[in-house]
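The sequence and the structure are shown first.

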Amino acid sequence: MEKGNYEAGEDLPWNEVVYSLAKDIEGLVRPLFGTPEGGKSVGTNVSGDVTKYVDKVAEETAIERLKPLGINIVSEEVGFIDRGSEYTAVIDPIDGSYNFAAGIPIFAFSFALFRKERPVYSALYEFMTGRYYEAIPGRGAYLNGNPIHVSSGRPEMAAVSFYTRGAGTGLIGRVKRVRVLGAIAVELAYLARGALQAVVDARNYVRPTDVAAGVLLVREAGGIVTDEKGRELRVHLSAEENMNVVAAADETLLRIILEELEGR
Ligand code: IPD
Ligand code: CA
């Protein structure tokens, strides 16, 4: 597979490091796909959500491989591992674990590297399709080494991923298609490659680990990412903070989504 032949971040070829880590996780978790064993509950994570066996296997592998690099790690199940570094990897070893356990083939490994609070590289590996997405601030977003871009058009023709517990449901009547795929990291990558025109989660539920990689992908692909009030979304180095996410291919669709969320 071809990947961007650039070195990301500062001194490490992050594209090689993360791709090989994702492939290792894939080898370990693939036999667990859709099995009761993979979905077995083995504890609770730092946010109080259930940790499934597959989450644990994937996270242990990621941590074991990243630890020797001396960087801090923020990961969904264990939270913050402070190594005193100015670099922090914000990861979700399996985004879409419910899908994984239920045999729904939409889930991914999500990785975002920050220097202090500034993103320097992000990647997402969609296990079942072999799609490897990357983003580098100021240098664009890529799918298997090829540049990708959001696709915009008439809002009434848009396909939108929309998670809500009741807020903004008027949006459903203003776009053509609503999809809820159960792995927001993947859905943000789909927005970045033009398959969706917006991704909205208005439940104040997702965490930085779920969206850190995807937010950079969308921005580098030309999209806009805000909170529910239209303020630029800030992704903090945390596994616990809950947030709303409004990501859109263009300003027109963003405005419509914000109007509906505000109940105007
Ligand atoms: C979940 C997925 C899902 C979103 C949930 C997340 P997980 O991540 O991203 O799309 O609706 O809020 O928790 O738990 O499968 O890694
Ligand atoms: Ca997860």
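Along the chain, the donors of the calcium ion (ligand 2) follow the spacing E-x15-D-x1-I. In this predicted model, the ion is coordinated by Glu 76 (OE), Asp 92 (OD), Asp 92 (OD) and Ile 94 (O), at distances of 2.0 to 2.9 Å. Glu 76 lies in the loop between strand S3 (72–75) and strand S4 (79–81), whereas Asp 92 belongs to strand S5 (residues 87–95), so the pair ties together parts that are 16 residues apart in sequence. Are these two residues buried or exposed? Glu 76 counts as buried because its relative accessibility is 7%, under the limit of 20%. Asp 92, at 1%, counts as buried as well.

| Residue | Relative accessibility | Class |
|---|---|---|
| Glu 76 | 7% | buried |
| Asp 92 | 1% | buried |
| Gln 197 | 12% | buried |

Gln 197 is located in the loop between H5 and S13. Its side chain makes a polar contact with the side chain of Ser 151 at 2.9 Å, and the side chain of Gln 197 also reaches the backbone oxygen of Gly 194 at 3.5 Å. Beyond residues up to four places away in sequence, Gln 197 touches several others, including Ala 158, Leu 191, Ala 247 and Leu 253.

Strand S13 (residues 198–206) pairs with two strands described here. With strand S11 (residues 159–163), the pairing is parallel and runs over four bridges; Ser 161 stands opposite Val 199 of S13. With strand S15 (residues 243–248), S13 pairs in the antiparallel sense over five bridges. In S15, Ala 247 is the bridge partner of Val 199.

In soluble globular proteins, nonpolar side chains tend to be buried together. Here, the largest nonpolar core has 43 residues, and those with the most contacts inside it are Tyr 133, Val 211 and Leu 217. Elements that each supply at least two residues of this core include strand S8 (131–136), helix H6 (208–220), S13 and S15. Which element provides the largest share? That share, eight residues, comes from H5. The core draws at least three residues from each of domain 1 (14–148) and domain 2 (155–261). A second, separate core of 34 residues includes Trp 14, Val 18, Val 29 and Val 54.

Notes. Residues numbered from 1 in each chain as written. Chains lettered and ligands numbered in written order. Predicted model: local features only at pLDDT ≥ 70, side-chain atom pairs only at ≥ 80, totals over all residues. Heavy atoms only, no water. Pairing = 2+ DSSP bridges. Core = buried A, V, L, I, M, F, W, Y, C linked by side-chain atoms within 4.5 Å. Buried < 20%, exposed > 50% of the residue type's maximum accessible area, 1.4 Å probe, protein only. Domains from an automatic or database assignment. Polar contact = N/O pair within 3.5 Å; in protein donor to acceptor, adjacent residues only side chain to side chain. Contact = heavy atoms within 4.5 Å. Donors = N, O, S within 2.8 Å, 3.2 Å for Na, K, Ca; no water.
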